Amino acid sequence: MNTDRPIDGLQQALENLDGARGEVVLDFSGRQRIDPGDIQAMEKLAAAADEKAVKIVLQGVNVAIYKVLKLAKLTTRFAFAA
Amino acid sequence: MPESVASLSDDRIRYLENLVSQARTAAAVFTQYTQEDVDRIVKPMVLAGLAQAQQLARLAIDETKLGVLEDKAIKNMVATEFVYNYVKDKRTVGAIREFPERGVVELAEPIGVVFSLTPITNPTSTVLFKCIMAIKTRNAFIFGPHPGAWRCCAEAVRIMYEAAVKHGAPEGVFTCIESPTLQDNAYLMHHKDVALIDATGGWGAVKAAYSSGKPALGVGPGNTPVYLEKTADLDMALVDIITSKTFDNGTICASEQTVVIDDEIYDVALRKFAELGAHICNPKETQVLGRTVIDPENGRMQPMAVGQKATDIARLVGLSVKPDTKLLIAPIQGVGREYPLSAEKLFPVLAVCRARSVDEALKLCVDVNHLGGLGHTAVIFSRDDEIIRKFGEAVNAGRIIVNSPGSIGALGGVYNDMVPTFSFGCGTGGGNSTMDNVNVYHYLNIKRMAWRTQAHMWFRVPNQIYFNMNAVENLRDFSSRSTIVVTNPALEQMGYVDIVRRYIPPQTLVKVLAIPDAEPEVKVVTQGVEALNFYKVDQIIALGGGSVIDAAKIMKLKYESPEADLEELAAPFLDIRKRVVQYPTEKVNRVRLIAISTTSGTGSEVTPFAVLTDKERGRKVTLADYSLSPDVAIVDPQFVMSMPKRLTADTGIDCLVHALEAGVSIHASAYTDSNAMQAIRLAFKYLPIAYENPRDEEARSMMHNAACIAALAFSNASVGVNHALAHAFGARFGVAHGRANALMLPHVIAYNASVPTKFMPSPNVRGYIAHKKYATMADLLGLGGVTVEEKVARLLEATEQLLDRLEIPRSIAELGISRDEFERAMPELAKNAFDDPSWRSNPRMPLVSELVELFWSAYRGRGQAKAAGASRQPTEMEVCV
């Protein structure tokens with residue numbers, strides 16, 4: 001994922017989901033914050049992943065972003081890896 | 001969801017859900033922002049609001065037809081500039097306040113999504129204010145404006161939102177319901193993702209907010225009484241009242257409603273009001289006015305009058321007034337529903353009422369206050385500080401404005417240093433959750449982090465301790481005009497008093513007070529204090545065992561502080577630093593207490609404790625305070641050389657138990673440990689010698705020192721469960737204190753050395769170490785052993801051997817107490833032991849069932865100790881040192 005503009009990375013992930021099998025790992029380790037656009041993109045991504053039975057793993061999510069995802073009720077829709 | 005939302009269309013619900021969704025996302029994202037991020041957004045928002053202050057005022061006037069354009073513009077400026085001035089340096093993100101001396105840090109946690117209702121009377125200013133609150137506190141606000149003011153509010157939200165987002169605020173941070181309805185409000189008030197309802201407005205909105213079941217910040221209407229007292233600066237007061245009451249045509253809910261005027265200035269005040277542009281209504285006009293602008297059904301103001309000009313209201317009512325009339329003043333004769341104009345009037349109509357005394361004036365103000373204005377605002381004009389304070393105490397108002405206008409005064413920041421706000425909390429009187437001027441802190445969850453504090457410790461001992469043979473000679477150094485020697489008849493007969501007299505400086509008047517050799521009774525203390533007063537004593541020498549010295553301590557207390565209530569001073573306490581009852585510090589008489597001990601056990605010559613027997617009430621009173629400690633202790637073994645064997649054993653064991661319990665106490669410190677350990681060493685070595693060879697001067701001397709040293713330890717570290725058990729058992733079966741302690745001792749060591757069922761809560765406890773302290777004692781005594789468990793076992797064995805050598809009975813049963821009798825006494829024993837304060841410093845917190853088991857273990861006797869609870873000692877892994 002492009003860490004400077006994660007929304008692009010998420011968009012890309014969404015596009016690549018068709019060809020994906022099993023699980024897709026998104027690397028958040030370079031990312032300090034997310035914005036409302038990212039959240040919208042992640043909601044879409046989660047919905048698409050559910051549809052295609054692909055597991056999405058968010059890697060390297062910091063505590064601040066994890067808390068945002070928690071408040072946005074998105075943590076149950078992704079897997080997390082260190 | 002309430003039934004009222006059933007009428008919402010699907011489209012409307014989707015619309016409202018979209019507002020919540022945006023707000024929820026914004027609130028989540030906002031949690032990542034720093035203080036600097038937030039402050040970077042607030043300032044340009046404020047500037048944007050300021051720039052549009054007049055335009056927003058115009059929009060509000062056009063839409064609501066209420067108020068005064070110029071005043072609304074000023075309100076918009078106060079809501080931005082003044083509020084910014086207050087919040088700009090406030091920390092609202094992360095650590096917002098730190099109290100290093102208390103080890104406490106307060107951290108801000110945003111609330112999340114706030115549904116905020118705003119009023120028709122102050123529409124745009126309230127929105128501007130709340131937008132600043134939202135950004136400063138990292139919350140997302142959904143605004144629900146009054147339906148009659150939603151367009152101007154939506155514009156205010158738009159201006160603030162654009163400025164905020166432009167400078168980095170998350171999208172969706174503010175939204176505003178368009179064409180709002182009560183159903184919309186109800187839907188959002190019950191929405192699961194709305195965290196707080198923030199209702200500023202009429203009682204209906206506030207009530208709905210509080211009824212929603214959500215956390216709510218609802219602040220509502222008022223009815224401001226004003227007391228115009230005869231000493232007031234009248235010219236200033238009248239201008240202030242008119243300024244305030246006409247400000248925005250009286251729409252601020254803190255504005256003046258009824259002015260209670262002292263009789264002495266009533267007429268002149270009304271004349272001056274008229275000179276300043278008020279119309280004074282005659283009785284008929286007042287009646288018509290009241291009937292028209294106040295709804296006779298519910299006693300509330302008619303909406304058509306709210307925010308209108310005085311002349312327009314006059315025209316509406318049919319009054320003939322001058323064209324430049326600012327205010328309609330209606331004299332009324334009382335307050336209540338029968339005087340309609342004594343109710344809240346958010347328009348330029350002011351009731352006035354004559355008061356013939358301060359008392360009457362205050363009562364009238366209280367009446368106004370209780371007629372719909374509880375918790376809101378009250379105003380007084382006076383130069384009499386005492387009356388101002390009386391007024392403050394009489395009225396129930398969150399804002400009591402002194403010598404300044406009510407409405408602008410209550411807003412804060414203009415006429416006074418109150419927090420600027422557009423939301424007045426009215427406390428429980430007004431059915432609100434706060435009485436404050438609502439500000440940033442009301443929109444935050446404030447988390448408090450508390451670091452473990454280390455309890456302050458101390459080591460307090462008498463100023464001077466003289467010890468070793470003939471230490472009594474040091475009495476020569478203490479000059480005194482009048483001295484009383486408190487002792488008992490036996491010691492006097494033994495010639496001990498003569499020895500003491502020999503060393504008291506010759507110019508001293510010396511009297512002897514011989515008291516019974518038993519725990520002092522109240523009447524003994526009373527007689528003693530009479531003697532001290534009679535001889536105007538400046539020095540007391542207590543010569544005796546614990547009972548005599550305790551009596552002298554209490555006599556000193558009552559002599560120095562006659563008002564001291566012993567019953568009250570004996571009140572229980574958990575922590576001496578936080579005790580409810582304080583010992584007197586004011587002293588009528590100052591007296592020196594010199595304690596010369598004639599037993600080697602209690603250590604009363606250096607302790608801050610004294611026990612008094614109240615025979616009339618059949619109880620003991622235990623006093624504990626460092627002010628009871630003798631000023632001088634003399635530990636001279638010549639006074640114990642002839643102690644009987646049994647007394648030597650019993651008091652010697654008391655000394656050993658003091659040291660052992662202080663050693664494992666939760667209040668033990670390096671200071672007390674050094675004393676406790678030394679006392680243990682001396683007692684183990686010299687007690688058997690003193691017992692077997694009573695004339696052994698060295699042994700007597702060392703045991704006398706040991707008792708004093710152990711007392712220094714337990715005076716500061718306290719004792720433990722051994723004493724709690726011994727106190728209960730000794731009192732019930734009339735067994736000497738030292739002997740009762742001895743019977744419990746091995747069982748208590750075993751008990752404390754094992755893993756506690758309950759740990760004692762104390763910041764001083766940094767892991768369970770009692771068993772290790774016992775092992776250290778075993779090492780000190782050279783008992784051998786490798787592991788902690790072995791060492792504790794050796795200490796237990798050595799203790800039992802010592803008790804055997806002192807011919808202490810091996811069990812309670814050996815005292816001749818039958819099992820049945822003991823069993824019958826058990827409930828009382830257990831209760832009294834548990835009530836005893838001694839165990840509160842024990843390393844293990846004893847359960848009542850454990851106290852019972854310890855009693856039974858002592859009943860069965862020595863050699864049974866391990867069965868009482870020492871089945872397993874903590875391993876290295878289980879303890880933290």
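In this predicted model, the centres of domain 3 and domain 4 of chain B, taken over C-alpha atoms, are separated by 28 Å. The two domains touch each other: 18 residues of domain 3 of chain B are in contact with 21 residues of domain 4 of chain B. On the side of domain 3 of chain B that touches domain 4 of chain B, the strands β16 (464-467) and β23 (632-635) of chain B each supply at least two residues. Sorted by class, that side of domain 3 of chain B has ten nonpolar, seven polar and one charged residues. The domain assignment places these two domains at 464-638 and 645-878 of chain B, and it also gives domain 1 (48-219) and domain 2 (224-414).

Helix α29 of chain B, which covers residues 848-860, may be considered next. Its 13 residues reach 19 Å from the first C-alpha to the last, close to the 18 Å expected at 1.5 Å a residue. Several residues of α29(B) are buried, among them E850(B), L851(B), L854(B) and F855(B). Just after α29(B), G861(B) takes a positive phi of about 110 degrees.

Why does F855(B) count as buried? A residue is called buried if 20 or more other C-beta atoms lie within 10 Å of its own, and F855(B) counts as buried because it has 24 C-beta neighbours inside 10 Å. Leaving aside residues up to four places away in sequence, F855(B) touches L725(B), M826(B) and L829(B). The C-alpha atoms of F855(B) and V748(B) are separated by 9.9 Å, although these residues are 107 residues apart along the chain.

The discussion now turns to a sheet of chain B. Strands of a sheet pair through backbone hydrogen bonds, either parallel or antiparallel. In which order do the five strands of the open sheet stand? The order is β5-β4-β3-β6-β7 (chain B), and the pairing is parallel. Strands β5 (174-176) and β7 (216-219) of chain B stand at the edges with a single partner strand each, so one side of each is left without a neighbour in the sheet. From one strand to the next, the twist averages 15 degrees.

The pairing can be followed strand by strand. Six bridges join β3 (residues 113-118) of chain B to β4 (residues 140-145) of chain B, while four bridges join β3(B) to β6(B). L117(B) has a bridge partner in each of these neighbours: G144(B) in β4(B) and A199(B) in β6(B). Strand β6(B) in turn pairs with β7(B) over four bridges, and T200(B) has V219(B) as its bridge partner in β7(B).

Is β6(B) mostly covered or uncovered? Strand β6 (residues 196-200) of chain B is mostly covered, with five of its five residues buried. Both faces of β6(B) are covered, with L196(B), D198(B) and T200(B) on one side and I197(B) and A199(B) on the other.

Finally, chain B touches chain A. Their contact takes eleven residues from chain B and ten residues from chain A. The side of chain B that touches chain A has five nonpolar, four polar and two charged residues.

Note on methods: Residues numbered from 1 in each chain as written. Chains lettered and ligands numbered in written order. Predicted model: local features only at pLDDT ≥ 70, side-chain atom pairs only at ≥ 80, totals over all residues. Pairing = 2+ DSSP bridges. Axes fitted to C-alpha atoms, helices over the stretch in contact; angles between N-to-C directions. Buried ≥ 20, exposed ≤ 12 C-beta atoms within 10 Å, placed from the backbone. Contact = placed C-beta atoms within 7 Å. Nonpolar A, V, L, I, M, F, W, Y, C, P; charged D, E, K, R; others polar. Expected span 1.5 Å × (residues − 1). Domains from an automatic or database assignment.
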